[in-house]
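Subject: Structure handover

Hello,

Please find the structure below. My notes on it follow.

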Amino acid sequence: MIPRSAVLLGILLISVGAVPSDAYRADARRGAPARATTNDNRRAAGTVRDGRLELKLEMVNAQWFPEAESGPSVTMQAFAEAGRAPEIPGPMIRVPEGTAIHITLHNSLDLEAVVHGLHTRPAMTEDVVKIPAGGTRDVTFQTGAPGTYFYWATTEKKPLVYRVGKDSQLSGAIVVDPHYAAPPTDRIFVLGLYSEDPDSVAGHVPHPREIVVANGKSWPYTERFTFNSGDTVSWRVINATAAPHPMHLHGFYFNLERSGTEAADSAIGASAIRQANTRLVLSGGTMAIRFVPDRPGNWLFHCHLALHVDGKGTMQNIVARRTMGEMEHEHVTMTHGVHEMAGLIFGIHVLPGKSPAEISNREPLRFRLLIQSSPRGYSNKPAMGFVLQQGAEPKKDSVMLPGPTLFLEKGRPARITLVNRLKAPTSVHWHGLEIESYPDGVAGWSGMPGKLAPAIQPRDSFIAQFTPPRAGTFIYHSHMNELMQTNSGMYGALIVTDSTHPFDPRIDRVILVGGGGPGNIEMRSTGMVNGTAFPQLELEAGTTYRLHIIQIHPQAVVLFRLGTDTTVSRWTPVAKDGADLPPEQATPRSAFVMMGPGETGEYLYTPERPGLQKLNIQTRLAGWNVPVMIFVRPARKIATN
Ligand SMILES: [Cu+2]
């Protein structure tokens, strides 16, 4: 039997051929451009002789296949090394520190190109090379400092944050290795983002239709990685796209080793927060991370902006400008699982290790979570969400917004029965928990060969059993059709306690930022904090509170700022993404933080005097603003003797 997904792909192919874009027709007249090959950034371009790299690059039109090699394609501008096929992303420049780099750059396009990034690091000024159509330029520069950088070009004279069109894949890695370094075992991912929508400027307007790729490919065609349990993995991520990407690793923490930009890169100091399972990489940003996957099974490393991993973000939908109706119709017939997602996602297989996980024989904490919908959950919009069943069965259309805070215990098994009463399949991810793969919540992916977790079908249920190994602040949320499901309310706080991390409602306060109703690839959800657009906190002067801030809005990068209208308060971060910070990182600072979806933080905060304070919570770009009004009352007199 042919899997349904294969049949579907066949249909996609035919219909893309039948509905070519304008660009397609224009290229057909000129003769087909060369096919772009996928660059996995393992081969350094050019030749190094006597401490000098010689590299000939050309900018050409190329046919790009971001999905299957036989799938839909689009004509893009691409870099090519002389004598080789064009590559997306562009050829990698990787040399030891101290190398002189000589590049001869020819522009075969019929537009002027502005090339950024061909200069010594760190760079103080932004040197660009302008090359007229048909022109050639020579550039020579010294590497400068070791690090992860990139070069990029535009033929529309756009800054990087607006570059989403035909020039959006004109990007290549530049890696400068320390001259004492051992042969590299790391991997390098250049991210790309493309949109044919003239309205789309990657998050700057409300209706972007984007396809996001890593090393030129979109899930499920991105590279798959297989590691032995306990391997050390070193990855470099280069965000050469117009949008930010909060990169989330399932199942494990990673350590941030370095962070930088096109112009500069630096090692992470001991006092900087570096352990994370989600890190926001802004447009033009780079990061080097290291992690040790030590639990077997299937895992993901992906962008947590739902738009960048949504199954409708495919070439077919973008190039043919299909309507929401057409896409929804196809969605109903789609196999739920790996084809539910597309875009900026990597798959990771971890092979079984020697020592199986310890099994706790403590009595499990049991929960029964009903997943229900309510036609008017958000006054005029439908809601989907969780209801905790305690005793009698709750009403069929009741939904808790947000989901109930789940309190688990470190080292004690949890047994959570999820009952799907939606009309659509779903799956639930226990975000940030270092648990086994099977209950991790990615339908059709989580688990091991021969035992993959299914989607939870309507009227069916799934029992997620796991034992949290660490106390802290985590999240649970839908991992399927998140623009619809998570935005509509399928998210909640997950607090794991132990003797040193109690949860005392008098001083522990959860601030949970999430969606305020359904979204889709053309519609952004508004924001809510603790399930309301008008959140309030009542605190007492002189008391130290622990704020558990959770950002799980699937379509927003959010700025948090605590203070009055004119002053910023101080707070002390004590945990990120559920992990305690070492003392040298838990230092008082201005109460300001930016979080992508999937990030959590714990902050100690002591309001000094009575009055009104405000925790301002707003999207980084145009969107919404939901301030938490904080009423600080005078300290109660406590009798002392
Ligand atoms: Cu993203």
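Which residue in S17 does Arg187 stand opposite? The answer is Trp235. Note that the model is a predicted one.

The strands around S17

Strand S17 spans residues 233-239, and six of its seven residues are buried, so the rest of the structure largely encloses it.

The copper site

Three residues coordinate the copper ion at 2.0 Å: His245 and His308, each through ND1, and Cys303 through SG. Along the chain these donors are spaced as H-x57-C-x4-H. His245 is in strand S18 (residues 245-249), while His308 is in the loop between strand S24 (297-303) and helix H3 (315-319), so the two histidines tie together parts 63 residues apart in sequence. Buried here means under 20% relative accessible area. His245, at 0%, therefore counts as buried, and His308 is buried as well, at 4%.

His304

His304 is also in the loop between S24 and H3. With a relative accessible area of 2%, His304 is buried. Its side chain makes a polar contact of 3.4 Å with the side chain of His477. Leaving aside residues up to four places away in sequence, His304 touches several others, among them Pro246, His248, His431, Glu482 and Gly598.

Regards

Definitions and conventions: Residues are numbered from 1 along each chain as its sequence is written. This is a predicted model: local features need pLDDT of at least 70, side-chain atom pairs count only at pLDDT 80 or more; totals for chains, interfaces and linings use all residues. Side-chain values use heavy atoms; hydrogens and water are left out. Donors are N, O and S atoms within 2.8 Å of the metal (3.2 Å for Na, K and Ca); water is not among the atoms, so sites may look incomplete. Helices (H or I, at least four residues) and strands (E, at least two) are DSSP runs, numbered from the N terminus. Buried means under 20% relative accessible area, exposed over 50%, partly exposed in between (1.4 Å probe, protein chains only). A polar contact is a pair of N or O atoms within 3.5 Å; within protein, one must be able to donate a hydrogen and the other to accept it, and residues adjacent in sequence count only if both atoms are side-chain atoms. Contact means heavy atoms within 4.5 Å. Two strands pair if DSSP finds at least two bridges between them.
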